[in-house]
Every structure is written in C-alpha cells, then in structure tokens.
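Work through the exercises below with the model open beside you. Try each task before reading its solution.

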Amino acid sequence: MYSVEVQSINKIYETAFRKRRVQALNDFSIKVEKGSIFGLLGPNGAGKTTLVKILLGITFPTTGTATVLGHDISNYKLKSKVGYLPENHKFPPYLNGGDVIKYAASLSGYEPPNLEQKVDELLSLVKMLEWKNMKVKKYSKGMMQRLGLAQAMINDPELVILDEPTDGVDPIGRKEIRDVLIDLKNQGKTIFLNSHLLSEVELITDNVAILNKGNLVHQGNVQELTTSKEKFKIKFASELKEELKSENFNKYQIEQMEEDTVLFKLNDVEELNNLIDDLRKAQLFIVSIEPLKSSLEDMFISLIKNSDK
Amino acid sequence: MTTKNIYKIAYYTYREALSRKIFLTFFGISTFVLVVFGLIFLFSGIEDLISFTQVEAGERIDLIEKIVDVLKFSIAAPLYGVGLFLAIFAASSFIPNMLEKGSIDVLLSKPISRNQVIWGKFLGGLYIVLVNIAYLVIGIWFLIGLKFGNWDPSFLMVIPTVTFTFAVLYSLIILVGILTQSSILAMMLSYLIFMIFSPVLLGREEIAILIDNKFVEYLLDALYYLTPKTAELASITTDMATGDFSFDYMPFITSAAFMILSLGLSIFIFSKKDY
C-alpha cells in the first residue's frame with residue numbers, strides 16, 4: 001500500500017513567449033510506502049519542491065500522473081488528509097499562534113468540538129504554547145518552523161509533507177522535531193520529508209529518493225544505501241600482522257590494517273564467508289565483523305557527481 | 001462544503017481587512033458623521049431650518065422635503081466618492097498578499113478549490129464594504145426619519161449601488177492582482193477607471209465632435225461600453241438617494257457584464273497557474 005505514487009511526471013517551466021524552458025522534473029516516478037518516513041533529497045534546484053507542489057496541486061505537471069492516499073492529485077478534497085509545511089511559509093500576520101492553528105484547521109475542514117484543547121496540545125508538542133497569544137509577525141524563524149509543523153498536524157493527517165522542516169531551528173529544536181516525526185510514524189502516518197540536511201534525514205528516514213536536475217538518481221532503503229557491500233572491518237582478539245602475510249590470505253585485498261583491526265575489500269558476501277573460513281582455519285579469533293558504512297552525505301555526493309558526468 | 005469553504009475564505013478576508021485599520025478608520029469617520037448629524041438635529045429645531053427661508057405656511061411640507069433631499073444628496077455624493085476611494089485602497093492588496101510565496105502554498109495545500117478561493121476573496125471584500133456603507137447610510141436614514149418624519153426607503157438604495165460599484169471595481173482589482181501580483185497596479189487601474197476613464201467617456205460624444213474622426217468615435221464608443229460606468233453609477237446613486245428612479249439601466253447591465261467577465265477570467269487564470 002502506497003501513500004504516494006508518482007508515474008512518469010514531467011514538468012517544464014516556460015517563460016513568457018517560450019523564450020526559456022526549464023525541465024524541472026524528467027520522467028520522474030516514485031512510490032512512498034504507507035507508514036514510512038520518506039526522504040526526498042537533492043541539491044538546490046533539483047526539483048524537490050516542484051514535486052511536492054505537484055502532489056498538492058499548487059503546481060501542475062506538464063505530463064504524467066500521481067496519486068496521493070489513493071486519490072488522483074487533481075482531486076482537491078484529498079488534501080483534507082494531508083498536512084503540509086512549505087519552505088519559507090507565511091501565515092496571515094494579523095493572527096497569533098493559536099489563531100494560525102485554527103486557521104489551518106478551518107481551511108482543512110477540521111472542526112472538532114475540542115479544537116481549543118487540540119490547539120494547546122499541538123503548541124505544547126512543538127514547545128510554542130507560551131507564545132500562543134503573540135502575533136506571528138513577531139515570531140523568529142525557528143518559532144515559525146515549529147508553528148508550521150503544528151499547523152501541518154492539526155487535521156490529524158494521514159500524510160505529512162514537510163519541506164525543510166528544520167530550517168532555522170537550533171540543534172535541540174531539531175532533535176525535538178525528529179522525535180515528533182518518529183512519533184507520527186509510530187502512529188501509522190506517512191512522512192514525506194524534503195531536506196538537504198542529510199545527516200538528519202539519515203537518522204529518521206526509512207527510504208530515500210535522490211533527485212538531480214529533475215532526474216531520479218537513486219531510490220532505496222537508507223540502510224542499504226549507506227552500507228557498503230564491499231568493505232568489511234574485522235576485529236581480532238589480538239594483533240596479527242604476520243599471520244595475514246601468509247599465502248592463504250594473499251588472495252584477499254587488504255585496504256587498511258591497524259593493530260587488531262583489518263579492513264578488507266571483498267567482491268561479495270561469498271568471498272567474505274571464504275575469508276571467515278580461512279581465518280578460522282588459521283585459528284584466528286574474530287571479535288567482530290562490521291560492514292563499512294558510508295554516511296548518507298558521502299553516498300549523496302558520490303551519486304550526484306556520477307549523475308553529473 | 002463549497003459554501004462553507006467560500007465562507008471561510010471570505011471570513012479571513014474580512015479579518016485581513018479589519019487588520020488594515022482602514023475600514024476601522026472608515027467606521028470611525030462614519031460614527032463621527034452620525035454623531036455630528038445627531039447633535040445638529042438634537043439642538044436645532046425644524047423651525048430653525050425653515051426660518052432661513054421666507055415661505056408661506058402651505059409650502060412648509062414641500063420645503064421640509066427639499067431640506068431632506070439636500071441632506072440625502074450631501075451624504076450620498078461624498079459617500080460614493082470617498083467611500084469607494086478608501087475601499088479600493090484597502091482592497092487592492094488582498095490578492096497580491098494572498099499570492100505571496102509562502103502564503104499561497106499554505107492556502108492551496110488545503111482542501112479548497114481555486115474558484116472557491118476567488119469567490120471567497122470577492123465576497124469577503126464585498127461584505128466589509130457593505131457593512132461599512134450600510135452602517136453610515138442606515139444611521140443617517142434613521143436620524144432623518146426621527147427628525148423630519150421622512151421614512152422614505154429610497155435613500156437606502158445608496159447601499160446596493162455603492163456596493164455594486166465597488167464589486168465591479170473589485171473584480172478588476174482581483175483580475176489585475178492575479179495577472180501581475182501588484183497591488184499598486186491594481187489600485188492605479190481602478191482609480192484610472194473610477195476617476196478619469198468613466199467621467200471622460202461619459203462625454204465621449206462631445207469629444208468625438210471636437211476630434212471629428214470616425215475611428216476615434218468608434219474607439220470611444222467601444223471603450224465606453226466595455227469599461228465600468230462609475231460616473232453614471234454615481235449620478236444614479238444620488239438620484240436614487242433622493243427618490244428619483246427614472247434612470248437608464250444600461251450602466252448597471254454593462255458594468256455587471258464587466259464584473260462577470262473579470263471574475264470569470266480571474267477564476268480561469270488562477271485555476272491554471274503554477275505557484
């Protein structure tokens with residue numbers, strides 16, 4: 001079951017009199033599993049915000065189709081079950097924090113009898129309750145982000161789309177936002193995260209799609225993406241420089257050796273198993289085997305560079 | 001659902017208008033005018049007003065009616081001019097503000113269709129003008145009724161005519177706002193039609209005689225029928241205020257056609273535009 005399904009979407013922006021054409025999305029397709037945290041990554045101008053806007057009917061695709069929560073994106077009513085925090089959002093400056101949440105609830109068609117209580121709960125969740133009665137025009141960037149997150153959750157959405165949610169938020173605030181998102185996921189909601197803060201995305205997302213110049217460069221599980229299939233760090237009980245120089249281990253490529261830890265570069269898991277057999281035959285005591293992990297940032301840079309070639 | 005969504009947008013347009021202070025200022029001025037008239041009526045008798053004129057006793061009723069007509073005219077004419085001037089000024093930024101990056105994203109991410117947004121903006125703006133005009137007109141009508149016993153409801157027709165004229169100009173403000181996102185341009189175009197185009201085109205026949213050119217004559221005619229007739233609507237408003245209903249309906253019909261066309265275009269363009 002998918003919360004978002006995008007099929008071959010193309011988006012071309014044209015200036016007046018078609019003097020300039022920009023292909024923002026090129027035959028782009030993705031699927032976002034229900035109940036997961038999905039990260040859409042890409043450098044500036046990759047087309048991330050365009051995709052989000054297409055999903056919400058703010059921008060229209062040139063060709064292609066997409067569904068959100070099983071409904072075609074042309075159906076505006078589907079948005080009653082979607083929460084959205086836009087990048088650089090603005091709320092009516094004459095409203096205070098509490099009014100903004102009510103404004104979002106009202107426009108979303110969400111009018112429970114205990115609205116005031118729900119508003120307080122959400123403001124409390126994002127640590128903004130004490131600023132409830134202050135006009136939003138006096139809010140700082142970080143406060144606006146927290147308020148934006150709260151308004152995106154007021155209608156009890158099944159899908160929450162967040163565009164750079166931690167932009168301008170301090171490290172403690174970022175951690176709190178991450179906790180809120182994990183909590184939403186635990187409630188079975190789908191989170192669609194648009195961000196360039198890769199270290200944060202890595203901490204909470206299940207799946208990511210990497211976008212560059214409108215093209216899908218990679219889509220997959222974060223764990224798989226950051227785990228190297230080739231490099232394994234093996235820790236031994238004691239230092240063993242001499243043993244590994246023997247003929248039996250010549251066939252294995254050693255990348256790095258540090259006292260009791262050796263980094264092997266292997267072709268596949270089968271070769272890893274052969275290595276383990278040989279190490280055991282040589283009566284070398286293995287303490288741990290760890291596939292070497294790259295950071296999401298390393299992988300991201302590598303993928304973007306490859307796609308630019 | 002549709003009506004509810006339109007109501008919500010209209011409600012927040014109304015709140016935005018209130019936050020501008022200009023409608024509150026207008027409300028304050030209206031209250032001041034009502035208080036001044038109230039005090040004048042309270043401290044001066046009808047006899048004081050009649051004593052200014054040397055008339056026979058039999059002409060007394062006619063004279064009171066004349067005084068009432070002058071009063072009604074002296075309220076309706078500036079109300080039309082000043083009221084619309086302030087209303088255009090206050091309403092010209094509704095659409096550009098809504099279309100600002102960040103604001104439009106929040107709005108369009110909600111389950112409200114784009115045509116409902118335009119209708120909501122239109123009706124919200126109209127509502128606040130209607131309330132302001134109605135407050136002053138009904139107040140004056142009530143004071144005149146109490147003082148002179150003249151309860152002729154024709155003066156109340158100022159409310160729909162001024163509101164209608166605003167609706168026509170506001171439809172242009174919405175269209176220009178959607179096309180250009182510029183409140184200054186929307187305001188300038190509205191003032192241009194309201195203060196220059198319409199009064200000048202009203203005298204198009206005289207201008208055509210002076211220029212003596214068929215093309216100019218046709219051009220002026222075309223412009224006249226295509227643009228809102230705020231000058232005629234002004235004289236219709238003052239005529240109606242004094243009970244004269246013998247006017248031509250053409251300015252109403254062509255201005256209404258302009259409004260429908262502007263709103264239709266606004267909805268069409270807004271529904272197709274990327275934000």
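## Exercise 1: a helix of chain B

Task: compare the end-to-end reach of helix H13 (residues 250–272) of chain B with the expected span.

Solution. The model is predicted, so these are values computed from it. Start with the count: H13 of chain B has 23 residues.

Task: find which residues of H13(B) are buried, and what they pack against.

Solution. Apply the cut-off: a buried residue has 20 or more other C-beta atoms within 10 Å of its own. In H13(B), B:Pro251, B:Ser255, B:Phe258, B:Met259, B:Ser262, B:Leu263, B:Ser266, B:Ile267 and B:Phe270 pass. Now recall the helix geometry. An α-helix has 3.6 residues a turn, so residues three or four places apart point the same way. Then look for the partners. The buried residues of H13(B) pack against helices H7 (114–148), H8 (158–180) and H12 (230–241) of chain B.

Solution. First locate B:Ala257: it sits in helix H13 of chain B. Buried needs 20 or more, and exposed needs 12 or fewer. As a distance check, take B:Leu24, 233 residues away along the chain. The C-alpha atoms of B:Ala257 and B:Leu24 are 31 Å apart.

## Exercise 2: the two chains

Task: describe the make-up of chain B.

Solution. Chain B has 13 helices and zero strands. Its C-alpha trace spans about 70 × 50 × 30 Å along the principal axes. Of its 275 residues, 38% are buried. Among contacts in chain B with a separation of 6 or more, 80% join residues 24 or more positions apart.

Task: decide why chain A counts as more spread out than a compact globule.

Solution. Begin with the elements: chain A has nine helices and 14 strands. For 309 residues the globule rule gives 19 Å, but the radius of gyration of chain A is 24 Å, well over that, so the chain is more spread out than a compact globule. The box filled by its C-alpha atoms is roughly 75 × 50 × 35 Å along the principal axes. Then check the domains. The assignment gives domain 1 (2–224) and domain 2 (238–284) of chain A. Their centres, taken over C-alpha atoms, are 47 Å apart.

## Exercise 3: interface and cores

Task: size up the contact between the chains.

Solution. Count both sides: 22 residues of chain A meet 19 residues of chain B. Helix H2 (residues 97–107) of chain A gives the most to the chain A side, with three residues. By type, that side has eleven nonpolar, eight polar and three charged residues.

Task: find the largest nonpolar core and the residues with the most contacts inside it.

Solution. The largest core has 137 residues. Those with the most contacts inside it are A:Leu55, A:Ala150, A:Ile161 and B:Ile173. H8(B) gives the most to this core, with 14 residues. Now zoom in on A:Ile161. Leaving out residues up to four places away in sequence, A:Ile161 touches A:Val52, A:Leu55, A:Leu56, A:Val82, A:Tyr84 and A:Phe192. Finish with the second, separate core: five residues, including A:Phe232, A:Val262, A:Phe264 and A:Leu279.

Technical notes
Residues numbered from 1 in each chain as written. Chains lettered and ligands numbered in written order. Predicted model: local features only at pLDDT ≥ 70, side-chain atom pairs only at ≥ 80, totals over all residues. Contact = placed C-beta atoms within 7 Å. Helix = DSSP H or I, 4+ residues; strand = E, 2+ residues; numbered from the N terminus. Nonpolar A, V, L, I, M, F, W, Y, C, P; charged D, E, K, R; others polar. Expected span 1.5 Å × (residues − 1). Rg over C-alpha atoms; globule rule 2.2 N^0.38 Å. Domains from an automatic or database assignment. Core = buried A, V, L, I, M, F, W, Y, C linked by C-beta atoms within 7 Å.
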